Amino acid sequence: MFVLGLQGSPRKKGNTNFLLSAFMEEVKSRGAETQIINVPDKNIKPCIGCGNCEKKGFCSIKDDDMTNEIFALLRRADVVVIATPIYFYNATAQMKLLIDRTQTLWARKYKLGLTDPGRPDRKGFLLSVGATKGKNLFEGMILTAKYFFDAIGSDFHGKLLYWRIENFGDMKNNETVLDDIKKEADRLEPMLKRKKILFACRENAGRSQMAKAFARYHAGGEIDALCAGSTPAENINPVMVEAMQESGIDIAFRKPKSIDEVVALTKPDMIITMGCGEECPLIPGVEYIDWNLPDPSGQPIEFFRSVRDEIEEKVKQLIATL
Ligand SMILES: Cc1cc2nc3c(=O)[nH]c(=O)nc-3n(C[C@H](O)[C@H](O)[C@H](O)COP(=O)(O)O)c2cc1C
């Protein structure tokens, strides 16, 4: 299970960072893979409202960290934690830049009708702090978070909100925060206990990406589906993206990963190979299956379509046996 934390305060040693770090440490100690993005450090340009995403499904801003890094992380995440102090009854400006840019993901679903296979089993958490005590302090942020989570294909799973938190150290000195975090992490336990299946091929650009997407899509949140390659390519195969899109499955923004990198962070229960054969590491206690599918790399779209359909069938059969 991959948990992505988005830290929105410009104060690196501030209250939000303490809260998010404590949350991430807790889920990491229970076996989750975690990554924190310090949003104010990132180069994220503001949405310019050009409408490109509504027509073509991609943001016209190509040269910033949103396009190069954060869309891929949002799509891969099983849990997204947005953490921000309240600035004028909402998120910080830095966080709001990121939120606005997820309009691209909103457009892919609502304008182009594409289905993110991670939806709606992805979980969203809001962590927030503010200085005052008014009962409406978090109302604006909750509404923004609700629409952000919908745009990125997650449900609004939980929130931890703290009033009267202002000076450095206020959050750390809060008496309930660590227990509150444990209770929220308890609610994620079923996701952490899911069977972990790693789909592996050579480049992680075609077959294993399709298998993971179909497993996530057809099994709902029942499987922790991973994918990787023995010699990962730089990018996923655009013909594969097109073939999946024809089936209504949105696989854009995925990035190939190496098998070594994935198994270093998560020990799978099962590895399903589809062409990388003996290049897969042998891990004791792991069940191995080989689907022996043809490598579609460099082939025309018709070939991808037939491999895609074969993979979907195999994934459905696999789910039925679990
Ligand atoms: C520009 C700015 C705007 C703020 N707006 C609010 C606000 O509307 N309501 C509130 O209760 N606190 C407000 N605060 C206070 C912060 O939410 C509070 O100090 C918080 O603990 C800072 O978290 P951090 O340490 O993670 O940066 C504001 C602070 C700043 C700098």
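The model is predicted, so local features need pLDDT of at least 70, side-chain atom pairs count only at pLDDT 80 or more, and totals for chains, interfaces and linings use all residues. Residues are numbered from 1 along each chain as its sequence is written, and side-chain values use heavy atoms, with hydrogens and water left out.

**Aromatic rings**

A pair of aromatic rings is described by the distance of the centres and the angle of the planes. Rings of Phe, Tyr and Trp (its six-membered ring) pair if their centres lie within 6.5 Å. Planes under 30 degrees apart count as stacked, over 60 as edge-to-face, and the rest as tilted. The count by this rule is 8 aromatic pairs.

One of them joins Phe71 and Phe253. This pair is tilted, with 5.0 Å from centre to centre and 35° between the planes. Phe71 belongs to helix 3 (residues 65–76), while Phe253 sits in the loop between helix 10 (238–246) and helix 11 (259–265), so the pair ties together parts 182 residues apart in sequence. Helices (H or I, at least four residues) and strands (E, at least two) are DSSP runs, numbered from the N terminus.

How buried are these two rings? Buried means under 20% relative accessible area, exposed means over 50%, and partly exposed lies in between (1.4 Å probe, protein chains only). Phe71 is buried at 1%. Phe253 is buried too, at 16%.

Another tilted pair is Phe199 with Trp291, at 5.9 Å centre to centre and 45° between the planes. Phe199 lies in strand 6 (residues 195–201) and Trp291 in the loop between strand 9 (287–290) and helix 12 (301–321), so this pair ties together parts 92 residues apart in sequence. Both Phe199 and Trp291 are buried.

Ring pairs also link Phe58, Phe71 and Phe253 into a cluster. Phe58 has a charge over its face: Arg108, at 4.7 Å from the ring centre. The charged end of Arg76 sits over Phe2, 3.9 Å from the ring centre. The rule asks for NZ of Lys or CZ of Arg within 6 Å of the ring centre and within 35 degrees of the ring normal.

**Cysteines**

A disulfide is a covalent bond between the sulfur atoms of two cysteines. Here it is a pair of cysteine sulfur atoms within 2.5 Å. The whole structure has 0 disulfides.

| Cysteine | Nearest cysteine sulfur | Distance |
|---|---|---|
| Cys47 | Cys53 | 6.5 Å |
| Cys59 | Cys50 | 6.4 Å |

Cys47 is partly exposed, at 38% relative accessible area. Cys59 is buried, at 12%.

**Backbone angles**

Most residues other than glycine have a negative phi. Tyr89 has a positive phi of about 65°. Tyr89 is in the loop between strand 3 (79–85) and helix 4 (93–101). Its relative accessibility is 48%, so Tyr89 counts as partly exposed. Asn292 also has a positive phi, near 45°. Asn292 is in the loop between strand 9 and helix 12. Asn292 is exposed, at 63% relative accessible area.

**Cavities**

On a 1 Å grid over the protein atoms alone, a cavity is a set of points where a 1.4 Å probe fits but cannot get out. The search finds 3 cavities of 30 Å³ or more. The largest cavity has a volume of about 80 Å³. A volume is the space filled by probe spheres set on the points, and grid points are joined across faces, edges and corners.

Key:
On a 1 Å grid over the protein atoms alone, a cavity is a set of points where a 1.4 Å probe fits but cannot get out, and a pocket is an open set with protein on both sides within 12 Å along at least five of seven lines; lining residues have an atom within 4 Å of a point.
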